Amino acid sequence: MAAPRDTLSLYRQKRDFSKTSEPAGAAEKQAGHRYLIQKHDATRLHYDFRLELDGVLKSWAVTRGPSLDPHEKRLAVEVEDHPVSYGSFEGTIPKGQYGGGTVMLWDEGSWEPIGDAHKGLAKGKLEFKLHGKRLQGEWTLVRMRERDKDKDRHNWLLIKRSDEAASEGDTDTLLTKHNTSVISNRSMEKIASSNDRVWKGNKAESKAAPKPAAKKKPKTKALVTDTMPVSKNRARANGKADVGGIAISHPDRIIYQGTGITKQQLAEYYLAVADHILPYVANRPLSMLRCPEGTGEACFFQRHIAQGQSPHLYDTGIKVKGRNEDYMMIKDAKGLITLAQWGVVELHPWGCLADKPELADRIIFDLDPDPTVPFSEVIAAAKDVRSRMQELGLSSFVKTTGGKGLHIIVPITRSYGWPVIKAFARAIAESMEHDNPKLYIAHASKAERKGKIFIDYLRNDLTATAVAAYSARAREGATVAMPLTWQQLTSSLKPSSFTIETVPAILKKRKDPWAEISKLRQKIATQYLRALKIPLK
Ligand code: ATP
Ligand code: MN
């Protein structure tokens, strides 16, 4: 009784994915039992109650929200199925779009039906158990007798059953007590006002990867065979492809609209570069940019692990103060390919290893040029950072981002906490601005960056990330963030030449320009930190 894929068509019809950052979604094959509630400040504030069944999220809009009091019957208006990927969404849907307003992930976890869920839904009485962070125990959804003919919108009642998780007389304290996000701990106001560094969707991405005008299927460009060792003998079973021992569903789904690069090719790219990328992504907390429907559709950042998703994905066990979130990591190539199977295009590690997240193991300078700045200036800025590091006896390394800037990495011994590293990076950025205020800016709003290079030192913090070396980017041309030698950094360098299609072959021919990184455990001279008045703890 699998739900047909088009159970989501109503959801899609109502939304314009070029304007909203919500995921476009696909009915996921594997049956999971996710449960979640999104607090949604739309035309009218309500709580969207969602239960995963048959690869989609069955959804109800609960106007007054859930109550722990078994005598409270809360109106739950049945709405269209949502894609499972939507369950990770928190952020703002643009005004004028369907459902426009702010969405907060209010609760998440899993559910289990009591009895047969399909029969329960059909007869209008669904009984189930919730294992959420905020809601637990047994609940019932009962369909009300229809009075009007509008059969599209059945009205149900959401009722808590009497058990230990119930709370007699508790009408609304639950909702006032928990008025922040279950994953980011942010208030509605905070989510509405932030320009969202946690979840990024179409609005930001669409600039880099413009939505193709034509709906027609782009022609698939053949890959150079020696770059992609596995693509010749594609093992297929049930329409799935085997890449490095991981089953890739929808292998022919186009991930990069402009080029026709498929999900299987993305997985094969990651298999081809696994040995190169793993030192920078394994055993670290990871943020990931997922584009399950392709880079032309909604992409979103994700960094928590959903329970029991795969044996190759691990919980870091890291808890960040004030945030109720799990952070995931991978350990090996299987984990890497599993992420590709999830539709992960970009990998963004934290600057620390998962065993000691409070200690940085690298400093990063993210050079962000205003579009009017020529790339030669960005190269000069990178070399400036390098010589400033050299003056302090520190070796540094450079990579392209697959975008418009460059990243400089300084590997360090794991003995500095984030406040020290951040203060150090900030001091360097400020000294650059001080020495060349026409070209560099250390603290900047978008508008103030005009004609300048923003030296972003804020990548140096506990949960801050930078794209991994060798990560693919969800950007035009399927670019890759590419480590380089300092000698390669010349005016003839074209960052756009490093792509999913070209990089595997390049790696076979060249020596690793970052070979030293893992061997270097550099110290920052204490007198320098003292001079900067950076507390040494
Ligand atoms: P470019 O060279 O085009 O600037 P970039 O990777 O440096 O590419 P930035 O926008 O400068 O892109 O972002 C720097 C880093 O900050 C990214 O690599 C990413 O790890 C992180 N980042 C940026 N935006 C987000 C976001 N919305 N959510 C999570 N992390 C983000
Ligand atoms: Mn950048």
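Me: Buried means under 20% relative accessible area, exposed over 50%, and partly exposed in between (1.4 Å probe, protein chains only). How many of the 9 residues of helix α8 are buried?

Reply: This is a predicted model, in which local features need pLDDT of at least 70 and side-chain atom pairs pLDDT 80 or more, while totals for chains, interfaces and linings use all residues. Residues are numbered from 1 along each chain, chains are lettered from A and ligands numbered from 1 as written, and side-chain values use heavy atoms without hydrogens or water. In helix α8 (residues 333-341), 7 of the 9 residues are buried, so the rest of the structure largely encloses this helix.

Me: Which ones are buried in α8?

Reply: They are Gly 335, Leu 336, Ile 337, Thr 338, Leu 339, Ala 340 and Gln 341. Helices (H or I, at least four residues) and strands (E, at least two) are DSSP runs, numbered from the N terminus.

Me: And what follows α8?

Reply: Gly 343 follows α8, with a positive phi near 85°.

Me: Is Asp 366 buried or exposed?

Reply: Asp 366 counts as buried because its relative accessibility is 8%. Asp 368, at 17%, also counts as buried.
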